[in-house]
Amino acid sequence: MCFVKLTLLTIFPHLFDSLLANPVIDRAIRNGLVEIDVVDIRSHTDGCFRAIDDSPYGGGAGLLLRVDALSRALDAVHDPSSRTILLGPKGRTFTQDMAHELAREEHVILVAGHYEGVDARFMSRVDDEVSIGDYILTGGESAATVVAEAVIRLLDGALRGESSIEESFENGLLEHPQYTHPVEYDGMRVPDVLMSGDREEIARFNELESIKDTIRLRPDLLPRDQEFRFFSLHRDYGYEAKVISWLGGRIPVPTVVHEEGRYLLLDRLKGRRLRGSSRNKVLGTCAHVLGMLWSMDTSGCPCLKDIQCTLADLKGRSMSYDLWCTVDRLERMTVEEELVFSHGALTLDNIIVNGNGLVGILDLRQAGLADRHRDLASILVSLEEEGIDGRDLIDMLEVEIDEEKLAYFTQLGRLERSRLPSGTSCISLSGKKRSSSEE
Ligand code: ADE
(Lines give C-alpha, C1' and ligand atoms only; values in the text may rest on other atoms or scores of the structure.)
Protein backbone atom coordinates (compact mmCIF):
# COMPACT_ATOMS: atom_id res chain seq x y z
CA MET A 1 0.00 0.00 0.00
CA CYS A 2 1.92 3.06 -1.08
CA PHE A 3 0.06 6.05 -2.39
CA VAL A 4 -3.46 7.27 -1.96
CA LYS A 5 -5.03 10.46 -3.07
CA LEU A 6 -7.73 11.52 -0.68
CA THR A 7 -10.31 14.15 -1.54
CA LEU A 8 -12.57 15.37 1.26
CA LEU A 9 -15.80 17.01 0.11
CA THR A 10 -17.38 19.16 2.79
CA ILE A 11 -19.31 22.33 3.48
CA PHE A 12 -17.12 22.98 6.54
CA PRO A 13 -13.49 22.66 5.36
CA HIS A 14 -12.04 23.95 8.63
CA LEU A 15 -13.39 20.85 10.42
CA PHE A 16 -10.53 18.91 8.83
CA ASP A 17 -7.88 21.10 10.47
CA SER A 18 -7.30 18.54 13.21
CA LEU A 19 -6.70 15.77 10.66
CA LEU A 20 -4.10 17.85 8.84
CA ALA A 21 -2.46 18.80 12.14
CA ASN A 22 -2.05 15.16 13.17
CA PRO A 23 1.76 14.52 13.16
CA VAL A 24 1.46 11.08 11.51
CA ILE A 25 -0.76 12.45 8.75
CA ASP A 26 1.41 15.53 8.33
CA ARG A 27 4.52 13.35 7.95
CA ALA A 28 2.74 11.08 5.45
CA ILE A 29 1.84 14.13 3.36
CA ARG A 30 5.34 15.55 3.57
CA ASN A 31 6.85 12.19 2.62
CA GLY A 32 4.58 11.97 -0.41
CA LEU A 33 2.62 8.93 0.80
CA VAL A 34 -0.70 10.67 0.55
CA GLU A 35 -2.13 13.77 -1.04
CA ILE A 36 -5.10 15.31 0.71
CA ASP A 37 -7.41 17.84 -0.91
CA VAL A 38 -10.12 19.44 1.18
CA VAL A 39 -12.76 20.71 -1.24
CA ASP A 40 -15.50 23.12 -0.25
CA ILE A 41 -18.77 21.99 -1.83
CA ARG A 42 -19.99 25.58 -1.72
CA SER A 43 -17.20 26.75 -4.01
CA HIS A 44 -18.71 24.66 -6.83
CA THR A 45 -22.17 26.19 -6.63
CA ASP A 46 -23.21 29.21 -8.63
CA GLY A 47 -25.88 31.87 -8.33
CA CYS A 48 -25.84 34.58 -5.74
CA PHE A 49 -27.26 32.41 -2.93
CA ARG A 50 -24.96 29.46 -3.53
CA ALA A 51 -27.70 27.12 -2.32
CA ILE A 52 -26.31 23.91 -0.94
CA ASP A 53 -29.25 22.75 1.14
CA ASP A 54 -33.03 22.79 1.18
CA SER A 55 -36.02 21.38 3.04
CA PRO A 56 -37.21 17.86 2.18
CA TYR A 57 -40.21 17.28 -0.10
CA GLY A 58 -43.06 15.69 1.85
CA GLY A 59 -42.03 17.50 4.99
CA GLY A 60 -39.68 16.56 7.78
CA ALA A 61 -37.25 18.23 10.08
CA GLY A 62 -34.02 19.91 8.99
CA LEU A 63 -32.35 20.54 5.67
CA LEU A 64 -30.89 18.20 3.09
CA LEU A 65 -27.73 18.72 1.06
CA ARG A 66 -28.86 19.29 -2.53
CA VAL A 67 -28.06 16.74 -5.23
CA ASP A 68 -27.06 19.44 -7.73
CA ALA A 69 -24.59 21.07 -5.33
CA LEU A 70 -23.05 17.74 -4.33
CA SER A 71 -22.87 16.43 -7.90
CA ARG A 72 -21.24 19.53 -9.23
CA ALA A 73 -18.53 19.35 -6.57
CA LEU A 74 -18.07 15.64 -7.20
CA ASP A 75 -17.81 16.16 -10.99
CA ALA A 76 -14.97 18.57 -10.38
CA VAL A 77 -12.82 16.05 -8.48
CA HIS A 78 -13.93 12.67 -9.81
CA ASP A 79 -12.00 10.62 -12.37
CA PRO A 80 -12.23 6.96 -13.48
CA SER A 81 -9.87 5.83 -10.69
CA SER A 82 -12.00 7.41 -7.94
CA ARG A 83 -13.89 5.49 -5.28
CA THR A 84 -16.58 7.71 -3.81
CA ILE A 85 -17.76 7.15 -0.26
CA LEU A 86 -20.48 9.03 1.53
CA LEU A 87 -20.15 9.22 5.31
CA GLY A 88 -23.54 8.75 6.89
CA PRO A 89 -25.18 6.82 9.70
CA LYS A 90 -27.02 4.44 7.35
CA GLY A 91 -23.84 3.04 5.83
CA ARG A 92 -21.83 -0.16 6.40
CA THR A 93 -19.99 0.06 9.68
CA PHE A 94 -16.36 0.95 9.10
CA THR A 95 -13.86 -1.79 9.99
CA GLN A 96 -10.12 -2.40 9.83
CA ASP A 97 -10.71 -4.59 6.76
CA MET A 98 -12.37 -1.65 5.04
CA ALA A 99 -9.41 0.54 5.98
CA HIS A 100 -7.10 -1.97 4.24
CA GLU A 101 -9.39 -2.05 1.23
CA LEU A 102 -9.36 1.74 0.90
CA ALA A 103 -5.60 1.90 1.41
CA ARG A 104 -5.28 -0.11 -1.82
CA GLU A 105 -7.31 2.41 -3.85
CA GLU A 106 -5.70 5.07 -6.01
CA HIS A 107 -8.15 7.86 -5.27
CA VAL A 108 -10.70 7.93 -2.46
CA ILE A 109 -13.31 10.68 -2.27
CA LEU A 110 -14.94 11.02 1.15
CA VAL A 111 -18.15 13.04 1.06
CA ALA A 112 -19.16 14.40 4.45
CA GLY A 113 -22.93 14.44 4.67
CA HIS A 114 -24.48 17.10 6.86
CA TYR A 115 -27.66 18.33 8.50
CA GLU A 116 -30.40 15.75 8.17
CA GLY A 117 -28.69 13.99 5.28
CA VAL A 118 -28.37 14.24 1.54
CA ASP A 119 -30.91 14.13 -1.31
CA ALA A 120 -31.45 10.41 -2.01
CA ARG A 121 -30.65 10.91 -5.71
CA PHE A 122 -27.03 11.59 -4.83
CA MET A 123 -26.68 7.92 -3.83
CA SER A 124 -26.51 7.04 -7.54
CA ARG A 125 -23.17 8.88 -7.61
CA VAL A 126 -21.52 7.10 -4.66
CA ASP A 127 -19.94 3.64 -4.49
CA ASP A 128 -20.60 3.10 -0.81
CA GLU A 129 -22.10 4.69 2.27
CA VAL A 130 -19.99 4.18 5.39
CA SER A 131 -20.87 4.81 9.01
CA ILE A 132 -18.45 4.87 11.92
CA GLY A 133 -21.00 3.51 14.37
CA ASP A 134 -24.60 3.35 15.40
CA TYR A 135 -24.98 6.90 16.65
CA ILE A 136 -25.75 10.20 14.99
CA LEU A 137 -23.08 12.88 14.63
CA THR A 138 -23.78 16.44 13.57
CA GLY A 139 -22.11 15.70 10.26
CA GLY A 140 -19.78 13.41 8.39
CA GLU A 141 -16.55 15.39 8.89
CA SER A 142 -15.50 13.67 12.11
CA ALA A 143 -16.41 10.32 10.53
CA ALA A 144 -14.35 11.15 7.43
CA THR A 145 -11.47 12.12 9.72
CA VAL A 146 -11.66 8.71 11.41
CA VAL A 147 -11.67 6.90 8.07
CA ALA A 148 -8.84 9.00 6.65
CA GLU A 149 -6.68 8.45 9.74
CA ALA A 150 -7.26 4.68 9.76
CA VAL A 151 -6.36 4.44 6.06
CA ILE A 152 -3.33 6.72 6.02
CA ARG A 153 -1.57 5.03 8.93
CA LEU A 154 -1.66 1.77 6.93
CA LEU A 155 0.34 3.22 4.05
CA ASP A 156 3.88 1.86 3.84
CA GLY A 157 6.18 4.18 5.75
CA ALA A 158 3.43 6.10 7.56
CA LEU A 159 4.31 4.61 10.94
CA ARG A 160 7.92 5.00 12.00
CA GLY A 161 9.32 1.69 13.27
CA GLU A 162 5.97 0.72 14.79
CA SER A 163 4.21 -2.03 12.95
CA SER A 164 0.51 -2.19 12.32
CA ILE A 165 0.65 -5.97 11.99
CA GLU A 166 0.29 -6.89 15.65
CA GLU A 167 -2.54 -4.51 16.41
CA SER A 168 -6.08 -5.07 17.46
CA PHE A 169 -8.27 -6.41 14.64
CA GLU A 170 -5.32 -7.26 12.41
CA ASN A 171 -5.68 -11.01 12.96
CA GLY A 172 -9.29 -10.91 14.06
CA LEU A 173 -8.24 -10.48 17.69
CA LEU A 174 -7.79 -7.59 20.08
CA GLU A 175 -4.19 -6.72 20.76
CA HIS A 176 -2.69 -8.37 23.85
CA PRO A 177 -2.03 -6.23 26.94
CA GLN A 178 1.38 -4.51 26.93
CA TYR A 179 3.71 -3.34 29.72
CA THR A 180 6.65 -1.00 30.11
CA HIS A 181 8.77 0.24 33.06
CA PRO A 182 8.57 -0.06 36.00
CA VAL A 183 8.63 -3.85 36.40
CA GLU A 184 6.52 -3.57 39.53
CA TYR A 185 3.87 -0.97 40.23
CA ASP A 186 1.49 -0.94 43.16
CA GLY A 187 1.89 -4.70 43.66
CA MET A 188 1.36 -5.46 39.97
CA ARG A 189 4.28 -7.12 38.19
CA VAL A 190 5.06 -7.35 34.50
CA PRO A 191 4.55 -11.07 33.62
CA ASP A 192 7.91 -12.86 33.97
CA VAL A 193 7.67 -14.52 30.56
CA LEU A 194 7.81 -11.11 28.85
CA MET A 195 11.23 -10.52 30.42
CA SER A 196 12.52 -14.04 29.66
CA GLY A 197 13.86 -13.23 26.19
CA ASP A 198 12.31 -16.47 24.88
CA ARG A 199 10.63 -15.24 21.69
CA GLU A 200 8.53 -18.33 21.12
CA GLU A 201 7.20 -18.35 24.69
CA ILE A 202 6.50 -14.61 24.53
CA ALA A 203 4.60 -15.00 21.26
CA ARG A 204 2.60 -17.86 22.76
CA PHE A 205 1.81 -15.88 25.91
CA ASN A 206 0.75 -12.83 23.92
CA GLU A 207 -1.47 -14.87 21.62
CA LEU A 208 -3.16 -16.46 24.63
CA GLU A 209 -3.75 -13.06 26.26
CA SER A 210 -5.12 -11.67 22.97
CA ILE A 211 -7.57 -14.53 22.65
CA LYS A 212 -8.66 -14.24 26.30
CA ASP A 213 -9.24 -10.49 25.97
CA THR A 214 -11.21 -10.98 22.77
CA ILE A 215 -13.41 -13.64 24.38
CA ARG A 216 -14.05 -11.33 27.32
CA LEU A 217 -14.42 -7.98 25.56
CA ARG A 218 -15.39 -8.60 21.93
CA PRO A 219 -16.68 -12.14 21.42
CA ASP A 220 -18.57 -10.81 18.40
CA LEU A 221 -15.23 -10.72 16.55
CA LEU A 222 -14.73 -14.46 16.93
CA PRO A 223 -16.09 -16.99 14.48
CA ARG A 224 -17.28 -20.37 15.72
CA ASP A 225 -13.91 -22.08 15.26
CA GLN A 226 -10.57 -20.55 14.48
CA GLU A 227 -6.97 -21.69 14.26
CA PHE A 228 -4.28 -19.34 15.49
CA ARG A 229 -0.51 -19.81 15.54
CA PHE A 230 -0.39 -21.66 18.87
CA PHE A 231 -4.00 -22.37 19.74
CA SER A 232 -7.26 -23.43 18.22
CA LEU A 233 -10.43 -21.87 19.49
CA HIS A 234 -13.83 -23.53 19.49
CA ARG A 235 -17.24 -22.30 20.51
CA ASP A 236 -19.83 -24.45 22.25
CA TYR A 237 -17.60 -27.48 22.61
CA GLY A 238 -17.69 -28.02 26.33
CA TYR A 239 -18.40 -31.64 25.44
CA GLU A 240 -15.00 -31.93 23.78
CA ALA A 241 -13.37 -30.57 26.95
CA LYS A 242 -15.15 -33.23 28.90
CA VAL A 243 -13.87 -35.99 26.59
CA ILE A 244 -10.31 -34.63 26.76
CA SER A 245 -10.49 -34.44 30.52
CA TRP A 246 -11.70 -38.05 30.78
CA LEU A 247 -8.97 -39.21 28.40
CA GLY A 248 -6.45 -37.73 30.82
CA GLY A 249 -3.57 -37.91 28.35
CA ARG A 250 -4.01 -41.62 27.60
CA ILE A 251 -4.01 -40.91 23.88
CA PRO A 252 -2.41 -37.92 22.16
CA VAL A 253 -5.04 -35.19 21.79
CA PRO A 254 -4.76 -31.40 22.15
CA THR A 255 -4.68 -30.14 25.72
CA VAL A 256 -7.29 -27.75 27.03
CA VAL A 257 -5.50 -24.47 27.68
CA HIS A 258 -8.44 -22.34 28.72
CA GLU A 259 -12.20 -22.51 28.99
CA GLU A 260 -14.31 -19.42 29.29
CA GLY A 261 -18.03 -19.05 28.76
CA ARG A 262 -18.86 -20.74 25.49
CA TYR A 263 -15.24 -20.89 24.37
CA LEU A 264 -12.74 -23.70 24.53
CA LEU A 265 -9.11 -23.02 23.76
CA LEU A 266 -6.94 -25.97 22.77
CA ASP A 267 -3.23 -26.28 22.12
CA ARG A 268 -2.63 -26.51 18.41
CA LEU A 269 -0.88 -29.76 17.52
CA LYS A 270 2.31 -29.26 15.51
CA GLY A 271 2.26 -31.42 12.42
CA ARG A 272 0.29 -31.94 9.25
CA ARG A 273 -2.90 -33.74 8.38
CA LEU A 274 -2.56 -37.39 7.42
CA ARG A 275 -4.37 -36.74 4.13
CA GLY A 276 -1.77 -36.55 1.38
CA SER A 277 0.75 -38.91 3.04
CA SER A 278 1.92 -42.06 1.28
CA ARG A 279 -0.54 -44.96 1.11
CA ASN A 280 1.53 -47.04 3.53
CA LYS A 281 1.79 -44.24 6.04
CA VAL A 282 -1.95 -43.57 5.80
CA LEU A 283 -2.90 -47.21 6.33
CA GLY A 284 -0.34 -47.81 9.08
CA THR A 285 -1.33 -44.67 10.99
CA CYS A 286 -5.07 -45.36 10.68
CA ALA A 287 -4.59 -48.90 11.97
CA HIS A 288 -2.47 -47.59 14.85
CA VAL A 289 -5.03 -44.91 15.78
CA LEU A 290 -8.01 -47.27 15.65
CA GLY A 291 -6.17 -49.92 17.67
CA MET A 292 -5.30 -47.30 20.27
CA LEU A 293 -8.87 -46.00 20.53
CA TRP A 294 -10.58 -49.37 20.66
CA SER A 295 -8.23 -50.93 23.18
CA MET A 296 -8.69 -48.22 25.76
CA ASP A 297 -10.14 -49.13 29.15
CA THR A 298 -13.53 -47.41 29.07
CA SER A 299 -14.49 -47.82 32.69
CA GLY A 300 -15.94 -44.61 34.07
CA CYS A 301 -16.30 -43.03 30.62
CA PRO A 302 -19.13 -40.49 30.94
CA CYS A 303 -19.49 -39.95 27.20
CA LEU A 304 -22.09 -42.11 25.50
CA LYS A 305 -22.50 -42.02 21.73
CA ASP A 306 -24.39 -45.23 21.08
CA ILE A 307 -27.00 -45.50 18.34
CA GLN A 308 -29.94 -44.49 20.51
CA CYS A 309 -28.09 -41.41 21.69
CA THR A 310 -26.95 -40.44 18.20
CA LEU A 311 -30.42 -40.82 16.71
CA ALA A 312 -31.99 -38.85 19.54
CA ASP A 313 -29.44 -36.12 18.97
CA LEU A 314 -30.24 -36.07 15.25
CA LYS A 315 -33.97 -35.95 15.90
CA GLY A 316 -33.51 -33.05 18.25
CA ARG A 317 -32.37 -30.86 15.35
CA SER A 318 -34.46 -29.47 12.55
CA MET A 319 -34.32 -31.54 9.37
CA SER A 320 -36.17 -32.15 6.15
CA TYR A 321 -38.95 -34.75 6.03
CA ASP A 322 -36.73 -37.08 3.90
CA LEU A 323 -33.93 -37.01 6.44
CA TRP A 324 -36.40 -37.51 9.24
CA CYS A 325 -37.73 -40.66 7.47
CA THR A 326 -34.18 -42.05 7.21
CA VAL A 327 -33.59 -41.42 10.90
CA ASP A 328 -36.90 -43.06 11.65
CA ARG A 329 -36.02 -46.12 9.54
CA LEU A 330 -32.62 -46.48 11.25
CA GLU A 331 -34.32 -46.17 14.60
CA ARG A 332 -36.58 -49.15 13.83
CA MET A 333 -33.66 -51.42 12.88
CA THR A 334 -32.04 -53.54 15.58
CA VAL A 335 -28.27 -53.45 15.84
CA GLU A 336 -26.31 -55.18 18.60
CA GLU A 337 -23.61 -52.79 19.73
CA GLU A 338 -20.31 -53.63 21.36
CA LEU A 339 -19.17 -50.42 23.00
CA VAL A 340 -15.56 -49.26 22.77
CA PHE A 341 -14.07 -45.79 22.90
CA SER A 342 -14.83 -44.30 19.48
CA HIS A 343 -13.66 -41.06 17.89
CA GLY A 344 -16.97 -40.83 16.07
CA ALA A 345 -15.85 -38.76 13.09
CA LEU A 346 -12.38 -40.04 12.26
CA THR A 347 -11.01 -38.86 8.90
CA LEU A 348 -7.56 -38.35 7.38
CA ASP A 349 -7.96 -34.66 8.23
CA ASN A 350 -8.21 -35.01 11.97
CA ILE A 351 -5.21 -37.31 12.36
CA ILE A 352 -2.08 -35.17 12.73
CA VAL A 353 1.35 -36.60 11.88
CA ASN A 354 4.95 -35.52 11.46
CA GLY A 355 8.05 -37.22 10.09
CA ASN A 356 8.18 -39.52 13.13
CA GLY A 357 4.59 -40.70 13.03
CA LEU A 358 1.43 -39.83 14.93
CA VAL A 359 1.30 -36.46 16.70
CA GLY A 360 -2.31 -36.54 17.81
CA ILE A 361 -6.01 -36.73 17.03
CA LEU A 362 -8.30 -33.71 16.65
CA ASP A 363 -12.03 -33.02 16.78
CA LEU A 364 -13.31 -35.09 19.65
CA ARG A 365 -16.77 -33.57 19.57
CA GLN A 366 -18.39 -36.84 18.54
CA ALA A 367 -16.18 -39.10 20.66
CA GLY A 368 -17.57 -41.47 23.25
CA LEU A 369 -18.72 -45.01 23.83
CA ALA A 370 -19.94 -46.52 20.57
CA ASP A 371 -19.55 -49.55 18.36
CA ARG A 372 -16.19 -49.77 16.54
CA HIS A 373 -18.05 -49.95 13.19
CA ARG A 374 -18.86 -46.27 13.70
CA ASP A 375 -15.17 -45.33 13.41
CA LEU A 376 -14.61 -47.82 10.66
CA ALA A 377 -17.45 -46.37 8.58
CA SER A 378 -16.10 -42.82 8.82
CA ILE A 379 -12.45 -43.67 8.11
CA LEU A 380 -13.44 -45.84 5.14
CA VAL A 381 -15.28 -42.89 3.57
CA SER A 382 -12.21 -40.74 4.07
CA LEU A 383 -9.89 -43.41 2.60
CA GLU A 384 -12.16 -43.76 -0.42
CA GLU A 385 -11.96 -39.98 -0.99
CA GLU A 386 -8.17 -40.37 -1.00
CA GLY A 387 -8.39 -43.26 -3.50
CA ILE A 388 -7.19 -45.86 -0.98
CA ASP A 389 -8.92 -49.24 -0.74
CA GLY A 390 -10.41 -49.58 2.73
CA ARG A 391 -10.21 -53.37 2.56
CA ASP A 392 -6.44 -53.08 3.06
CA LEU A 393 -7.08 -51.31 6.35
CA ILE A 394 -9.58 -53.95 7.46
CA ASP A 395 -6.97 -56.65 6.73
CA MET A 396 -4.43 -54.80 8.86
CA LEU A 397 -6.86 -54.41 11.77
CA GLU A 398 -7.49 -58.13 12.14
CA VAL A 399 -10.95 -57.59 13.60
CA GLU A 400 -14.23 -59.24 12.68
CA ILE A 401 -16.24 -57.00 10.39
CA ASP A 402 -20.01 -57.24 10.27
CA GLU A 403 -20.94 -55.94 6.81
CA GLU A 404 -24.53 -55.11 7.78
CA LYS A 405 -23.39 -53.15 10.77
CA LEU A 406 -20.86 -51.33 8.62
CA ALA A 407 -23.59 -50.38 6.13
CA TYR A 408 -25.79 -49.20 9.02
CA PHE A 409 -23.06 -46.97 10.48
CA THR A 410 -22.14 -45.67 7.03
CA GLN A 411 -25.71 -44.40 6.68
CA LEU A 412 -25.76 -43.04 10.20
CA GLY A 413 -22.44 -41.25 9.61
CA ARG A 414 -23.76 -39.73 6.39
CA LEU A 415 -26.75 -38.41 8.32
CA GLU A 416 -24.55 -36.98 11.06
CA ARG A 417 -22.30 -35.25 8.55
CA SER A 418 -25.31 -33.71 6.85
CA ARG A 419 -26.30 -32.07 10.11
CA LEU A 420 -24.34 -29.38 11.90
CA PRO A 421 -22.23 -30.94 14.64
CA SER A 422 -23.85 -30.16 17.93
CA GLY A 423 -21.22 -31.71 20.19
CA THR A 424 -23.94 -31.60 22.75
CA SER A 425 -25.76 -33.98 24.91
CA CYS A 426 -28.19 -36.73 24.12
CA ILE A 427 -31.68 -35.42 24.53
CA SER A 428 -34.28 -38.11 24.27
CA LEU A 429 -37.39 -37.52 22.20
CA SER A 430 -39.35 -36.98 25.37
CA GLY A 431 -37.05 -34.04 26.01
CA LYS A 432 -35.28 -35.66 28.97
CA LYS A 433 -31.53 -35.90 29.00
CA ARG A 434 -30.06 -39.36 28.79
CA SER A 435 -27.15 -40.40 30.92
CA SER A 436 -24.61 -39.38 28.37
CA SER A 437 -22.17 -36.99 27.06
CA GLU A 438 -23.01 -33.61 28.42
CA GLU A 439 -23.97 -34.04 32.06
N1 ADE B 1 -22.94 11.29 10.00
C2 ADE B 1 -23.75 11.34 11.07
N3 ADE B 1 -23.60 10.27 11.85
C4 ADE B 1 -22.65 9.50 11.26
C5 ADE B 1 -22.07 8.26 11.56
N6 ADE B 1 -22.42 7.58 12.65
N7 ADE B 1 -21.11 7.77 10.74
C8 ADE B 1 -20.78 8.45 9.62
N9 ADE B 1 -21.30 9.63 9.28
C10 ADE B 1 -22.23 10.16 10.07
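A nitrogen atom of the ligand is placed 3.1 Å from a polar backbone atom of Gly133, a polar contact in the sense of a pair of N or O atoms within 3.5 Å (within protein, one must be able to donate a hydrogen and the other to accept it, and residues adjacent in sequence count only if both atoms are side-chain atoms). The model is a predicted one, in which local features need pLDDT of at least 70 and side-chain atom pairs count only at pLDDT 80 or more, while totals for chains, interfaces and linings use all residues. Residues are numbered from 1 along each chain as its sequence is written, and side-chain values use heavy atoms, with hydrogens and water left out.

**Ligand surroundings**

- The residues around the ligand, each with a heavy atom within 4 Å of it, include Leu87, Pro89, Val130, Ser131, Ile132, Tyr135 and Ala143.
- By class this shell holds eight nonpolar, four polar and no charged residues, where Ala, Val, Leu, Ile, Met, Phe, Trp, Tyr, Cys and Pro count as nonpolar, Asp, Glu, Lys and Arg as charged, and the others, Gly among them, as polar.
- Strand E5 (82-93) and strand E7 (128-131) each supply at least two shell residues, and the largest share, three residues, comes from E5; strands (E, at least two residues) and helices (H or I, at least four) are DSSP runs numbered from the N terminus.

**The parallel sheet**

- Five strands form an open sheet with parallel pairing in the order E2-E1-E6-E5-E7, two strands being paired if DSSP finds at least two bridges between them.
- Strand E2 (34-40) and E7 stand at the edges with a single partner strand each, so one side of each is left without a neighbour in the sheet.
- Neighbouring strands here are turned by 30° against each other on average, direction ignored, with axes fitted to C-alpha atoms (for helices over the stretch in contact) and angles running from 0 to 180 degrees between N-to-C directions.
- Strand E1 (residues 4-10) runs parallel to strand E6 (residues 107-112) and is joined to it by five bridges, with Leu9 standing opposite Val111 in E6.
- Helix H4 (residues 96-103) packs on this sheet, touching E1, E5, E6 and E7, and its direction makes about 165° with that of E5; contact here means heavy atoms within 4.5 Å.

**The antiparallel sheet**

- Four strands form a further open sheet, antiparallel in its pairing, in the order E10-E11-E13-E12.
- Strand E10 (225-227) and strand E12 (256-260) are the edge strands, each pairing on one side only.
- E12 and strand E13 (residues 263-267) pair over four bridges, and His258 stands opposite Leu265 in E13.
- Helix H6 (residues 199-217) packs on the sheet and touches strand E11 (231-235), E12 and E13, its direction making about 15° with that of E11.

**Backbone exceptions**

- Most residues other than glycine have a negative phi, and most peptide bonds are trans.
- The peptide bond from His181 to Pro182 is cis, with omega near 0°, and Pro182 is found in the loop between helix H5 (141-152) and strand E8 (184-185).
- Asp186, a residue other than glycine, has a positive phi near 50° and lies in the loop between E8 and strand E9 (188-189).
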